[in-house]
Amino acid sequence: MASPLVTLTTDFGSGSPYVAQMKAVILRTCPQAGLVDITHQIPPQNIRYAALVLEDVAPLFPEGTTHVCVVDPGVGTSRPIVLVQHAGHFFVAPDNGLLSRVVPQVQPERVWVVTRSQYWLHPVSATFHGRDIMAPVAARVAAGHPPADFGEPGWTLTSLDWPQPQVEPDQICGQVLTVDSFGNLITNIPRNVLERWARGDSCLIDCAGHTLRECVRTYAERPAGTPIALFSPNQRLELAVVQGSAATTLGAGPDAEVRVRRLASEPLPADPPA
Amino acid sequence: MASPLVTLTTDFGSGSPYVAQMKAVILRTCPQAGLVDITHQIPPQNIRYAALVLEDVAPLFPEGTTHVCVVDPGVGTSRPIVLVQHAGHFFVAPDNGLLSRVVPQVQPERVWVVTRSQYWLHPVSATFHGRDIMAPVAARVAAGHPPADFGEPGWTLTSLDWPQPQVEPDQICGQVLTVDSFGNLITNIPRNVLERWARGDSCLIDCAGHTLRECVRTYAERPAGTPIALFSPNQRLELAVVQGSAATTLGAGPDAEVRVRRLASEPLPADPPA
Amino acid sequence: MASPLVTLTTDFGSGSPYVAQMKAVILRTCPQAGLVDITHQIPPQNIRYAALVLEDVAPLFPEGTTHVCVVDPGVGTSRPIVLVQHAGHFFVAPDNGLLSRVVPQVQPERVWVVTRSQYWLHPVSATFHGRDIMAPVAARVAAGHPPADFGEPGWTLTSLDWPQPQVEPDQICGQVLTVDSFGNLITNIPRNVLERWARGDSCLIDCAGHTLRECVRTYAERPAGTPIALFSPNQRLELAVVQGSAATTLGAGPDAEVRVRRLASEPLPADPPA
C-alpha cells in the first residue's frame, strides 16, 4: 500500500528549520507519511499568492492527500484553524482565505473548526501553530482519524476579495495576480474567457505603458528579449520576456492593470510603442 | 514498518547538487531510508548557527532517527568525524562543536570516532567527507549496523564557546545569536530566564541603539512596521518588525548586544528613541 | 522492497510550485515512488550546467533509478523528448544536449523518442511538457513499464559543443564551466589530465588576470581570503577563495580562460601579481 501523502505549503522561506520541525512532528505521529513540499517560498503573509498556488497544485495530488498550509499573519489571534474535506483531499489551514480558491464551494458541513486540543503539541507556542496544532492534526488525518476527532463541523470559510477580469465588448480589463520565479507576470485572465471573447481575432495587450503584440504558443518562437504574451501552464494569460524577466522589463508587478484589445481596434501609431 | 529516517543539515546552499550526491549514496546503501532535509542554508561554515538549528529541530524527530550534519570548515584536516548515540537518536558529524548544543552532556562512551574506512566511499575526496564518509556511515547506522562497526568509542566532544546571557539585578545582558529567514533576531535569552527575572514587570529592550517597548505575544497585535519583542517558537527572546525585517530596521545582526531593562527603571526621555 | 526512485532536475527555481505539480503527477501514477530532488536551481535554460550536474550526480543513485530532467528552452517546438536506458538507469528529458555528459556513448537502440500520447496528461500544455509528458512517462517507467510503451527506439542523442582543455608542452589551457553556490569556479580540467601533465611539478594557475600560486588539498590549509586552486569533489580543477567567493574576488565566471603553467617556467616578476 502506498504511504499517505502530506503536502506542506508555507511562507517560512527556503531552508527554514521551522519546516523541518513540522515534518518531525508529522513523522512522529504518522511515521509512514510521505511528505511533499509544495513550496515554502510564498511571499511572507501573501495569502492571495498562496491561494493561487494551492488552486494550481493541490488538486493534482492523488485522492486521500492531506495538505497543510501555513500562511498565517493572524497566528495567535482568534482566527480559527480549519480542517476541510473536499473531493477526496483534506486541508488543514488557518481560516483566512487561503483555501478559498482550492475549495471555493465547500459546504459548511465539510469544514471542521479545529478546537480539540488533546492532539496538539503542548505547550502550544503563541507564534507557531503550524508546528503545534496543524502538523499533529494533519498527521492524524493522514493516519486515518475521522475529522470529527478534531472539532465541530459547520463552519463557513472566509473568502478572499479576489479581482475578476472585466469583459467588455471592446476589451478585457484584468490584473497581474503574481510574479513567478522567472519574472513572468501571471494574470487573472483565464484562457477560455479570452478565447471566447477574441473569437479568433489577434489581440494586443497593454500593461504598465507597454503594448505586447506577440501572442505566441511557446517561448521558443521569438528571439531573446522579446516581450510576449502566452498562456501559463495553468491556462491563465501570462506576460513574459523570452530569456528575461517581464517584471523587470515591463516594470510591472502584482495588481498592475492588464488590458486586452483586438488588433483591428488599434489606431495606426505614429511611432512603434517603446 | 516505517522507514528508518535520515535527516540532513548542511551549509551547501539551496539547490546544491552536493546534497543530492549525499542522498544518492545513502539510498544506495539503505534503499528503505526516508530522507528529510533539516536545512542546507546554514550560513557557510557557521557552526554556531548550525548547532542552534540542530538543538531546535533534531530532538523533535522520532526515536531511531539518524542525523547527518555537514558544516565542516576543517574538512581534510585531522579533525575527527564522530558518531554519537543520544536519547534514541544518532548523529554523524565532524567534531567541531556542531553537536555541542543538541547533545551537551553526552558521555564519551556514547561517542565513536569514525575511523574504520571499509564502509567509506573510495577514493575519499579531500574536500567532501559528507559524501564519502558521513553519508555511507549514516546509511549503515540507519540500516541497523551497531556503532562499534565504525570506530572506537570513548571521545570527548568539542564544545562551543557559547555566549550566555548575564543576569543582573537591574538588567539582562544578552546577544543576538542568529537571524532567521524573516529578518527576526533570535537572542540567547531564554523565556524562562527572562520571566523569572522580570517577575511580571513590563520590560524595555535595547538593541543597536533602538529601544523596543512593545513586548507582545503575537505578530498580529501591532501594525506593520512596528519593532516588537516576543518569544520565538523555541522560547528564546526574539526581536522582530511586524511585516518587516528587524535585521534591516534595527541594523543589527549576530553578536549584537541585547539588553533587557524593567520599564520602571527608565528615565523619562527628552525625545522618543529613533 | 525499496521504492522505485525518481529524481528531478529542473531550472524552475527554488520553491517553484511547478516542481510540486510534477511530483503530484508522478505520485498519482506511481504512488510508491520515492522522489529525490537533484536540484531545481539550474540557471534558467543553462543546458551546459545541467549536463554537468547530471554527470556528477545521477550515476551515484542506485540502479533502477529514473531521472527526469527539465531544462527545456525549446519546449513547444519540435525538439523530441527522449527516454534513455543506460547502465541500469533511466533518463527522461528533452533531446537538447542535457544528457550528453551523463550518457555520452549511448547506442541509438537504447534511446526511445517519446511519441505515444496515451500516457500523457491531456490537454498537453504548450509550455509545460515536464508536467504533462515527462512526469507521467517517468512515473510509468519507475513503475516498471517497458520503454517500448512510450515510443520508437533508434535515436541519436544531440551532443553539446563542450569545451575541451588544450594540453600543450608548456601549459594546459582550459575554461571555467560553472560557478557553484559558494562562488567556486569549476573548470573543465580533470585531475588526472593535470597530474599526468605536471609530473609532480608545482603549478601556477592564471585566470582573469590573477595568478594563483596556492595549489592545496583542502580549504583549511590557508587563511581566509586566500585564492587557492584545488580539486573539486568531482575531480575537476577548481578555483576558490578561502571563506570567500572566487567568482567575486577574481571577477571571473563561465567561459573564463584558465591556464595552468609549471612554476619553473615562470619568469621572475618585477612586482607580485595583484
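Colleague: A polar contact is a pair of N or O atoms within 3.5 Å, where within protein one must be able to donate a hydrogen and the other to accept it, and residues adjacent in sequence count only if both atoms are side-chain atoms. How many residue pairs are in polar contact between chain A and chain B?

Modeller: Between chain A and chain B there are five such residue pairs, both partners being at pLDDT 80 or more. Helix α1 (residues 17–29) of chain A gives the most to the side of chain A that touches chain B, namely eight residues, where helices (H or I, at least four residues) and strands (E, at least two) are DSSP runs numbered from the N terminus. This is a predicted model, in which local features need pLDDT of at least 70 and side-chain atom pairs count only at pLDDT 80 or more, while totals for chains, interfaces and linings use all residues. Residues are numbered from 1 along each chain as its sequence is written, chains are lettered from A and ligands numbered from 1 in the order in which they are written, and side-chain values use heavy atoms, with hydrogens and water left out.

Colleague: How many residues does the contact take from chain A, and how many from chain B?

Modeller: Chain A gives 28 residues and chain B gives 30, contact meaning heavy atoms within 4.5 Å. About 2300 Å² is buried between chain A and chain B, and carbon and sulfur atoms give 62% of that area; buried area is the accessible area (1.4 Å probe) that two parts lose on being put together, summed over both.

Colleague: And how many salt bridges are there between chain A and chain B?

Modeller: The count there is zero, a salt bridge being a side-chain nitrogen of Lys or Arg within 4 Å of a carboxyl oxygen of Asp or Glu. By class, the side of chain A that touches chain B has 12 nonpolar, 12 polar and four charged residues; Ala, Val, Leu, Ile, Met, Phe, Trp, Tyr, Cys and Pro count as nonpolar, Asp, Glu, Lys and Arg as charged, and the others, Gly among them, as polar.

Colleague: What is the area that chain C and chain A bury between them?

Modeller: Chain C and chain A bury about 2200 Å² between them, with 62% of it on carbon and sulfur atoms. The contact takes 28 residues from chain C and 30 from chain A. Across that interface the rule finds zero salt bridges, and five residue pairs are in polar contact (both at pLDDT 80 or more).

Colleague: Changing topic, what domains is chain A divided into?

Modeller: Chain A has domain 1 (5–153) and domain 2 (166–262), with bounds that come from an automatic or database domain assignment. The C-alpha centres of these two domains of chain A lie 33 Å apart, and their contact takes six residues from domain 1 and seven from domain 2. They bury about 580 Å² between them, 44% of it on carbon and sulfur atoms.

Colleague: How many salt bridges does the rule find across the interface of domain 1 and domain 2 of chain A?

Modeller: The rule finds three across that interface in chain A. By class, the side of domain 1 of chain A that touches domain 2 has two nonpolar, no polar and four charged residues. Elsewhere in the list of pairs, A:R236 forms a salt bridge with A:D56, and their closest N and O atoms are 3.0 Å apart.

Colleague: Last topic, the backbone: which residues of chain A does a cis peptide bond join?

Modeller: A cis peptide bond joins A:H122 and A:P123, with omega about 0°, and A:P123 is found in the loop between β6 (111–114) and α3 (129–142) of chain A. The peptide bond from B:H122 to B:P123 is cis as well, with omega near 0°. Most residues other than glycine have a negative phi, and most peptide bonds are trans.

Colleague: What is phi of A:A87?

Modeller: Phi of A:A87 is near 50°, a positive value in a residue other than glycine, and A:A87 is found in the loop between β4 (81–86) and β5 (89–94) of chain A.
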